[in-house]
Amino acid sequence: MQLSIVIPVYNVASYLEACLTSVTQYKGPLEIIAVNDGATDDSPAILSRWAAQDHRIRILTRENGGLSAARNTGLEAATGDYIWFVDSDDWIAPQALSILMEAIERQPAQMIAFSHIDYWEATDTYSEAQYLQSIPLCSGREFILQSHFFFTGAWSFLYQRSLFTAQGFRFKEGQLHEDDYLNFSLFGKVSEIYKLPQALYYYRRRPGSIITSTQYENVAKRIRSYLNLIQLLRGITDLDASFLQQKCEAYERNLFGLLEKYLKTSDTPERQLTLVQEIKEVLPKRKLTGDDFRHSKWKWLLKLMYNYSSKGYVTLVSWR
């Protein structure tokens, strides 16, 4: 079994050395595909230096297209039986590749799941890993029902490459939370997921990323990404309905939190109106009571989005 590691690279010169060091410490056969996604810092020079020292590293260069596009470029070039998507500002545990290689030889499932540890850069602290319980093979449906928690990061799974080559799955380009989008698309189709108990990945949480940005363009993009996820989950019929409903509600709560920020930004009223109308087209009519208005921290947003009636429910209303 051969493993391909796909590493999208965009302006991460401060972190790239640590990532490459962690990946190349495994000395066995390995394909490392570094996708230079139009980086404008020293990242390309760092990649060239490392590729000259390690023949397993292959560099692909493309115009900047974002994380999903870079990952898709890498997986289309990959030749391994399995693919691991490693972000270039993160790193992997010292024994991660040995453990994973043993796992795919022992149990060649369609997906292999494992735990991770968060590193909070601002405070230089690590979270405690929430370890997955190691169980026999399960389907994607069973995986979400048997796991009290699980991670949807693409870096927290090893994927059989045939999922992409034979079934045509790809990362949705232009979508934030693209990992959620891919994995929830996959879970209903996958019949074999194998869970490892170890924490094999270190996920760097750093200020200034698009997920933490408050710029109105990024906030609006995140809102639209949540709308896409809600629409995706509504169309899935082969996963547990109560789980899908819970996820939709969680995405909706996140969406409202972002909308509160967005409507206070400097974006134009016309664009704000357009986004609110998009939200109204996606979110369902809801049954809410007066208590929802009294206790919600987004009371004013609920009043904006919905109209409370004397019968104790609300319906979507036009922009005020």
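**Entry 1. The chain as a whole**

I began with the contacts in the protein chain: of those with a separation of 6 or more, 78% join residues 24 or more positions apart, where contact means heavy atoms within 4.5 Å. The model is a predicted one, in which local features need pLDDT of at least 70 and side-chain atom pairs count only at pLDDT 80 or more, while totals for chains, interfaces and linings use all residues. Residues are numbered from 1 along each chain as its sequence is written, and side-chain values use heavy atoms, with hydrogens and water left out.

I then looked up the secondary structure and found twelve helices and eleven strands in the protein chain. Helices (H or I, at least four residues) and strands (E, at least two) are DSSP runs, numbered from the N terminus. Of the 320 residues, 52% count as buried. I use buried for under 20% relative accessible area, exposed for over 50%, and partly exposed for what lies in between (1.4 Å probe, protein chains only).

The accessible surface of the protein chain comes to about 15,100 Å². Carbon and sulfur atoms account for 48% of that surface. Accessible areas come from the Shrake-Rupley method with a 1.4 Å probe, and for residues only the protein chains shown count as cover.

**Entry 2. Cysteines**

C248 is at 11%, so C248 counts as buried.

I checked the length of helix α10, residues 269-282. Its 14 residues should span 20 Å at 1.5 Å a residue, and the end C-alpha atoms are 20 Å apart, which agrees. The expected span is 1.5 Å times one less than the number of residues.

The buried residues of α10 are Q272, L275, V276, I279, K280 and V282. Seen down the axis of α10, these residues fall within an arc of 165°, so they line one face of the helix; the arc is that of the directions from the helix axis to the C-beta atoms. On the face turned away from the buried side I noted the exposed residues E270 and E281.

Helix α8 covers residues 216-234, which is 19 residues. From first C-alpha to last, α8 reaches 27 Å, close to the 27 Å expected. Its buried residues include N218, R222, Y226 and L233. I recorded that the buried residues of α8 pack against α7 (178-187), α9 (241-262) and α10.

**Entry 3. R62**

R62 is found in strand β3, residues 57-62. With a relative accessible area of 26%, R62 is partly exposed. The side chains of R62 and D37 make a polar contact at 3.2 Å. For a polar contact I require a pair of N or O atoms within 3.5 Å; within protein, one must be able to donate a hydrogen and the other to accept it, and residues adjacent in sequence count only if both atoms are side-chain atoms. Beyond four places in sequence, R62 touches V35, N36, D37, G38, A69, A70 and T73.

**Entry 4. N72**

N72 lies in helix α3, residues 67-77. At 4% relative accessibility, N72 counts as buried. A polar atom of its side chain lies 3.0 Å from the backbone oxygen of F171. Not counting residues up to four places away in sequence, N72 touches R170, F171 and E173.

**Entry 5. Q110**

Q110 sits in the loop between α4 (96-106) and β6 (111-120). Its relative accessibility is 12%, so Q110 counts as buried. Q110 and E192 are 82 residues apart along the chain, yet their C-alpha atoms are separated by 5.3 Å. Which backbone atoms lie by polar atoms of the Q110 side chain? I found the backbone nitrogen of S191 at 2.8 Å and the backbone nitrogen of E192 at 3.0 Å. Outside four places in sequence, the contacts of Q110 include Y82, L158, Q167 and V190.

**Entry 6. D118**

D118 is found in strand β6 and, at 12% relative accessibility, counts as buried. Its side chain makes a polar contact with the side chain of H116 at 3.2 Å. Leaving aside neighbours within four places in sequence, I list T125, Y126, S127, Y203 and R205 as in contact with D118.
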